[in-house]
Amino acid sequence: MKKIWLVVAVGLAVFALESPSAQQGAPAFQKQPLAARISHTNPDNYRPSPRVHGGPGQLNYMSLFSGTTGLDTNLWFLHRGTIDPKSGIGGHFHNNCEEMFVIFDGEAQFTVDGRTSVLKAPAGAPTRMGHWHAIYNHTDKPVQWMNINVSLYKNQYDAFDLGDGRVDVPIDPVPQFMSISLDAARLQAQSGGTGEVRYRRVIGPSVFLGPWGYLDQYSLAPGAATAPTTDSQVGGFFYVISGQGQAIISGETADVKEGDAIPILLNDTKQFRNTGTVPLQLMHVGIVSDMTRRNEILNAVGGARGI
């Protein structure tokens, strides 16, 4: 009798790069001046990355923050870069973390759980734990891209590759998955600050299953400033989508511009001011410190209060 051996290949691709400050550890990072803690998008630092999660072509990206940077929440990484034409990230599951691809220009084919639709920038699609996703740039131009990953357990990442590049797949005209738009025209006036501040809670707590609490968006007119607020149990980061201004964090002030990521630690008092001549567009990711008290914490900071 012949023996038949079945070999099963399992792809476990760790899609995370360490930031320049990754080796410093939390205490050293948190003691640095604010200006040194801010991470800057710099295409010169992008790393060519072919066949990410078995996808076609190549991405070029850098890590703005990683799990070992020194943040005190479960942000595993914040990646920023470009997806080359006819390139993408292959289908893969996350079972202990939640992730969202975002594009800032052009359009791309987003897939969640095997259903694919074209999203036009600025847009994104969150993916809950226990589901799978992919992205493919079907156009002839590079796409500006971001990836946000928040883990269930601090500094623990998982991925299960499917070996599916998601090329030439059926397209649903209406997305059959959760998706977002970062169109600033959707923002509404917010009181409490100085000047014209507009705001929208783009993703609320009900979308996520883990410690990722929400995603907010702001637009500050020239000269405007948000009201200072402090959250003892919600950290995360702000990202400057466009414009320039100042971040005022726990008594320190630093200039910020398009492409900058500003870490927010627990108990930080945070405020932003537009010092430029065009609107300052901000994205804010809030992450709770204690999963066992997730709903209690998010209710305490206000479901739609914003900054």
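In which helix is the place of Q30? The note below takes up that point after an overview of the predicted model.

1. **Overall composition.** The coordinates are those of a predicted model. The protein contains three helices and 23 strands. Of its 307 residues, 55% count as buried. Among the contacts with a separation of 6 or more, 75% are made by residues 24 or more positions apart.

2. **Q30 and helix α1.** Q30 has its place in helix α1, which covers residues 25-31. With a relative accessible area of 31%, Q30 is partly exposed. Its side chain reaches the backbone oxygen of G70 at 2.8 Å. When neighbours within four places in sequence are left aside, the residues in contact with Q30 are R37, G70, D72 and L265. The C-alpha atoms of Q30 and T69 are separated by 9.4 Å, and these two residues are 39 residues apart along the chain.

3. **S63 in strand β3.** S63 is placed in strand β3, residues 58-66. S63 is buried, its relative accessible area being 4%. The side chain of S63 reaches a backbone atom, the oxygen of F65, at 2.9 Å.

4. **Burial of strand β9.** Strand β9 spans residues 123-127; five of its five residues are buried, so the strand is largely enclosed by the rest of the structure. The burial applies to both directions in which the residues point: A123, A125 and T127 point one way, G124 and P126 point the other way, and all are buried.

5. **Partners of strand β9.** Strand β6, residues 97-103, pairs with β9 in the antiparallel sense over five bridges. Within this pairing, A125 of β9 is the bridge partner of F101. Strand β9 also pairs with strand β13, residues 180-181, in the antiparallel sense and over two bridges. Here the bridge partner of G124 is I180 in β13.

6. **The five-stranded open sheet.** Which strands form the open sheet, and in what order? The order is β8-β7-β10-β5-β12, with antiparallel pairing. The edges are held by β8 (115-120) and β12 (160-161); each has a single partner strand, so one side of each is left without a neighbour in the sheet. Within the sheet, β5 (residues 87-94) and β10 (residues 131-137) pair in the antiparallel sense over six bridges. In this pairing F93 stands opposite W132 of β10.

7. **Aromatic pair Y199 and Y218.** The structure holds ten aromatic pairs. In one of them, the rings of Y199 and Y218 have centres 5.1 Å apart and planes at 45°, so the pair is tilted. Y199 belongs to strand β15 (residues 197-203) and Y218 to strand β16 (residues 212-220), so this pair ties together parts that are 19 residues apart in sequence. Both residues meet the cut-off for burial, under 20% relative accessible area: Y199 has a value of 9%, and Y218 has a value of 0%.

8. **Aromatic pair Y218 and F238.** How are the rings of Y218 and F238 arranged? Their centres are 6.1 Å apart and their planes stand at 35°, so the pair is tilted. Y218 lies in β16 and F238 in strand β18 (residues 234-242), so the pair ties together parts that are 20 residues apart in sequence. F238 is buried, with a relative accessible area of 0%. Y199, Y218, F238 and F272 form one aromatic cluster.

9. Is R201 buried or exposed? R201 is buried, because its relative accessible area is 17% and the cut-off for burial is under 20%. The charged end of R201 sits over the ring of Y214, 3.9 Å from the centre of that ring.

Key. Residues numbered from 1 in each chain as written. Predicted model: local features only at pLDDT ≥ 70, side-chain atom pairs only at ≥ 80, totals over all residues. Heavy atoms only, no water. Buried < 20%, exposed > 50% of the residue type's maximum accessible area, 1.4 Å probe, protein only. Helix = DSSP H or I, 4+ residues; strand = E, 2+ residues; numbered from the N terminus. Pairing = 2+ DSSP bridges. Phe/Tyr/Trp six-rings, centres within 6.5 Å; stacked < 30°, edge-to-face > 60°. Lys NZ or Arg CZ within 6 Å of the ring centre and 35° of its normal. Contact = heavy atoms within 4.5 Å. Polar contact = N/O pair within 3.5 Å; in protein donor to acceptor, adjacent residues only side chain to side chain.
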